[in-house]
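Visitor: I would like to go through this structure slowly, with each term set beside its rule. Could you show it to me first?

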Amino acid sequence: MSTSAPIRNSPHLAGRSWKAPRPLAQMGTLVVLPVIIFIVWAIVATVVDSLVFPHPGQALAGLWLDLQRESYRSSILSTVTLLLIGWALAAVIGTLVGFGLGLSQFWSAVFATPLFALYSIPKVTLYPVFLIFLGIGEESSVAFAFFHGVFPMALLVMAATAAMDKNLLKLADVLVMPWHVKLRKILIPALLPTIVTALRIAFGLTLMGLILAGMFSATSGLGHELVNNIAFVRIDRIAGQVLFIVILAIIPGLTLRWLETRVTLRYQPE
Amino acid sequence: MSPRGWTIALVVLFALALELSPRLGLVDSFSLPPLSNMLVHAWQLLIDPQFWARDLAPSLLAVAMSFAIAAVGGVLIGLVLWRFPLARRVVEPWLATYYAIPTFALFPLLVVLLGVGFVPIVMLATLLAIVAVITSTMDGLDSTPRTILRLAESLRLSPFRRTMKILLPSATVQINVGLRLALSYSLIGVLASEFVLSTSGLGHFISRAYNDFAIADMYGAILLVFLLALIVNSVFGSLLNRRARRVSA
């Protein structure tokens, strides 16, 4: 669960009034670090010149070969599908549960500690239990991924709901607001920023859960593909697939982060 | 009844459910042994010195090492990034997205490069934990009051003394939050790595028990993992709280 200080409080903007970041400049800054990493990687690989340390070129070539394979493409599809399902389930159920609990101070106090405890234990060790009850296959992977994502979702939405000014809800009752107006005018501005943050965090955890499940026991999927290559020390394939997974995660990750900034600015401009 | 009472009641209810459902035949007792059975096996593992030597100790050591490296390295990197805004601008958007990337996917790569064993596990857990410390250190340093920074300048403090006497103490609260997260990530990273690919450690014990159909042993070890996580997190949490009170008092 990481949050970073609002951009406007950064020291490098101190002394100037905060301006909206320009998208092109932002994208330029974004690219610098990956480029540096790539260059350093290439240099180290060339210097080390070992059979087991992949050069970025080798990784890309290996990835290209993999992408030609039908089974790899269907692994990608299956992982992405399961990720979306698991994440959507975690989002919906986590939000509903968090919201329900957050409305009552009493019940959020009751459930806060167990939820937080469940969030911070290494749930990966529970995976065999999922396998025992749901069998080896997609159900256990999705359930496991869902299990990873639902707790931070519920916790964050619960905290945001509890922090919401309850007088606004009472005002809505007094004004006899229809539920959709209440939703649009009160609940969404109060909760959407936290929901988007929680979506981002849940995304990372759900993907991690899915990949872990794949590495341990799945018969297809990106995690499984990775582990397949270990025994044969197909270092170029491994590096290429890791690169692909990273890129696959970065795109939604950055998008969610951008969405989060925009939603926070829109609904909570402090 | 107070909220705490309800929480305890919930936990007790859950424990009862775990104990009774296999016994009453609601759940097949091979898949889910009764809770008392799990506890007995957990106890048997705890008093077995081989378990300690082969599984528990390596895990604990890996967690301690990866946490230590992540804590020290994270604070240092956080300080450097805070001090050099240009570097921070380049790195910061990636720090925010870091936890969306399944860092764990790097583990197979590390194993192929470094062999199965202690080193890739510690490396991976460190990588997982370090960014939490970096971001919270930066957050904490950001909140240092400007008058204090100017005071440091007027006293002509050396960078080292400024860091130790002013910057770090004022960032303590946020750094503590980051450290607690990092501990939790270290634990998760170590156990997940051992679970997927290792020859020793608690995570490996669980995966091997599953593969060998030693289900009762598996559940016993899972209980131990929960216990370990709860104890480590709460002890560390209270240690940090005490230290924070001392620093800010």
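Visitor: What makes you say that chain A and chain B are in contact, and how many residues take part?
Guide: Contact means heavy atoms within 4.5 Å, and by that rule 60 residues of chain A are in contact with 57 residues of chain B. This is a predicted model, in which local features need pLDDT of at least 70 and side-chain atom pairs count only at pLDDT 80 or more, while totals for chains, interfaces and linings use all residues. Residues are numbered from 1 along each chain as its sequence is written, chains are lettered from A and ligands numbered from 1 in the order in which they are written, and side-chain values use heavy atoms, with hydrogens and water left out.

Visitor: What area is buried between chain A and chain B?
Guide: Buried area is the accessible area (1.4 Å probe) that two parts lose on being put together, summed over both; here the value is about 5400 Å², and carbon and sulfur atoms give 80% of it.

Visitor: How many salt bridges are counted between chain A and chain B?
Guide: A salt bridge is a side-chain nitrogen of Lys or Arg within 4 Å of a carboxyl oxygen of Asp or Glu, and the count between chain A and chain B is zero, although over all chains the count comes to 10.

Visitor: Why is the pair of Glu225(A) and Arg69(A) called a salt bridge?
Guide: Side chains of opposite charge can pair when their charged atoms come close. In Glu225(A) and Arg69(A) the closest N and O atoms are 3.0 Å apart, which is within the 4 Å of the rule, so the pair is a salt bridge. Glu225(A) lies in helix α9 (residues 222–231) of chain A and Arg69(A) in the loop between α2 (56–68) and α3 (70–103) of chain A, so the pair ties together parts that are 156 residues apart in sequence. Helices here are DSSP runs (H or I, at least four residues), numbered from the N terminus. Asp66(A), Arg69(A), Glu225(A) and Arg237(A) are linked in a network of salt bridges.

Visitor: How do you know whether Glu225(A) is buried or exposed?
Guide: Buried means under 20% relative accessible area, exposed over 50%, and partly exposed in between (1.4 Å probe, protein chains only). Glu225(A) has a relative accessible area of 6%, so it is buried, whereas Arg69(A), at 29%, counts as partly exposed.

Visitor: Why is Ser186(B) called buried, and what is it in contact with?
Guide: Ser186(B) has 0% relative accessibility, so it counts as buried. This residue is found in helix α8 (residues 159–196) of chain B, and, leaving aside its neighbours within four places in sequence, Ser186(B) is in contact with Val63(B), Ser66(B), Phe67(B), Ala125(B) and Ala129(B).

Visitor: Why is Val176(A) called exposed?
Guide: Val176(A) has 65% relative accessibility, so it counts as exposed. Val176(A) is found in the loop between α7 (166–174) and α8 (179–216) of chain A, and its phi is near 50 degrees, a positive value in a residue other than glycine.

Technical notes
Helices (H or I, at least four residues) and strands (E, at least two) are DSSP runs, numbered from the N terminus.
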